[in-house]
Amino acid sequence: MIHIRNLRKSYGDNHVLHGIDLDVRPGEFLVMLGLSGAGKSTLLRCINGLNRPDGGTLEVGGMDLMQRHSRRELSRQVAMVFQHHNLVPRLSVRKNVLTGRLGQVGTLASVLQFFRQGDLALAEQCLERVGLAHKAGARTEALSGGQMQRVGIARALAQQPQVILADEPVASLDPKTARSVLQYLREATREMGIAVVCNLHQVEYAREFGDRIVGLAQGRMVFDGKPADLDDTALDAIYHHAPPGAGLAAANAARSTLLPGSWLPVSVATPVGGA
Ligand SMILES: Nc1ncnc2c1ncn2[C@@H]1O[C@H](COP(=O)(O)OP(=O)(O)OP(=O)(O)O)[C@@H](O)[C@H]1O
Ligand SMILES: [Mg+2]
């Protein structure tokens, strides 16, 4: 579904991603952890085509994102869920979800906001999946923060994408609401076979909801494993010890000697030089 090899990205002389290797399967809920500035959003922005990587390979649903594509083409593959949901407050919930279809309808239809009956039915189904079918006609600004985030998820589902990227989707929510939002996101995407990459700052949510967790430190993957493997040493690698030069090639070489899904402490990786 997502296939990334040796992905590199710099902003000027700020080398942010130093050679990321990552595969994500259909229906997999992958949580990405890392300190602020580790490069999590930069990686998501590469996967949704907003950032142009400097090198490596990047494929989503068979589409080669190292080549240029139209937003319309990309929106058939990748949907985003944002921290601040990016909904239009004065539109109805239904219309906000329907905007997820704009990439699929023709240009004229999208300008006139003309949707087919099938799109309307799909929007209702997506709202049902997030438990908000009864709010379809409500003005979006009248919803709570958690409900708005669920509308954001419904809008992403309405794109019928292969992949959903969620950048800190619950950062502004209380813990109970946050859990409920993550639950809806996980269940809907699992049932629909959509791969999810979800950036989080809360380790406990990562453990609870992730099928798999990856840790990014200074633009390098320093952990890739199951929630049960995320122990103190792994957390240390993600949040404290991320020496420049502990490259992924070395990490992969070392990981190949470990069981699949086991984590790799950075300290066992041989430094391979900086970016
Ligand atoms: N558009 C940009 N132009 C220049 N530098 C950028 C841009 N976006 C991000 N950066 C830089 O890239 C680095 C990684 O930023 P990024 O936003 O990917 O981190 P992050 O892991 O998502 O952090 P956070 O947890 O705070 O969201 C930072 O040094 C940041 O300043
Ligand atoms: Mg970020």
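Mentor: Let us begin with pairing in this predicted model. Strand β7 (residues 163-167) pairs with β8 in the parallel sense, over 5 bridges. One residue pair illustrates this: aspartate 167 has asparagine 199 of β8 as its bridge partner.

Trainee: Which helix makes a β-α-β unit with β7 and β8, and what is the handedness of the unit?

Mentor: The helix is α7 (residues 175-192), and the unit that β7, α7 and β8 make is right-handed.

Trainee: How many bridges join β3 to β8, and do these strands run parallel or antiparallel?

Mentor: Strand β3 (residues 29-33) is joined to β8 by 4 bridges, and the two run parallel. Here phenylalanine 29 stands opposite valine 196 of β8.

Trainee: How should I read the two faces of a strand?

Mentor: In a regular strand, side chains alternate between the two faces of the sheet. In β8, Ala195, Val197 and Asn199 lie on one side, with Val196 and Cys198 on the other.

Trainee: Are these residues of β8 buried or exposed?

Mentor: They are all buried, and both faces of β8 are therefore covered, a residue counting as buried if 20 or more other C-beta atoms lie within 10 Å of its own. For the strand (residues 195-199), the count is 5 of 5 residues buried.

Trainee: Turning to the ligand, which residues surround ligand 1?

Mentor: Among them are Tyr11, Asn14, Gly39, Lys40 and Thr42. The elements giving two or more residues to this shell are β2 (14-24) and α1 (40-47). The largest share, 3 residues, comes from α1. By class, the shell has 3 nonpolar, 7 polar and 1 charged residues.

Notes: Residues are numbered from 1 along each chain as its sequence is written. Chains are lettered from A and ligands numbered from 1 in the order in which they are written. This is a predicted model: local features need pLDDT of at least 70, side-chain atom pairs count only at pLDDT 80 or more; totals for chains, interfaces and linings use all residues. A residue is near a molecule or strand if its C-beta atom, placed from the backbone, lies within 6 Å of it. Ala, Val, Leu, Ile, Met, Phe, Trp, Tyr, Cys and Pro count as nonpolar, Asp, Glu, Lys and Arg as charged, and the others, Gly among them, as polar. A residue is buried if 20 or more other C-beta atoms lie within 10 Å of its own, exposed if 12 or fewer, and partly exposed in between; C-beta atoms are placed from the backbone. Two strands pair if DSSP finds at least two bridges between them. A crossover is right-handed if, with the strands pointing away from the viewer, the path from the first strand over the helix to the second runs clockwise.
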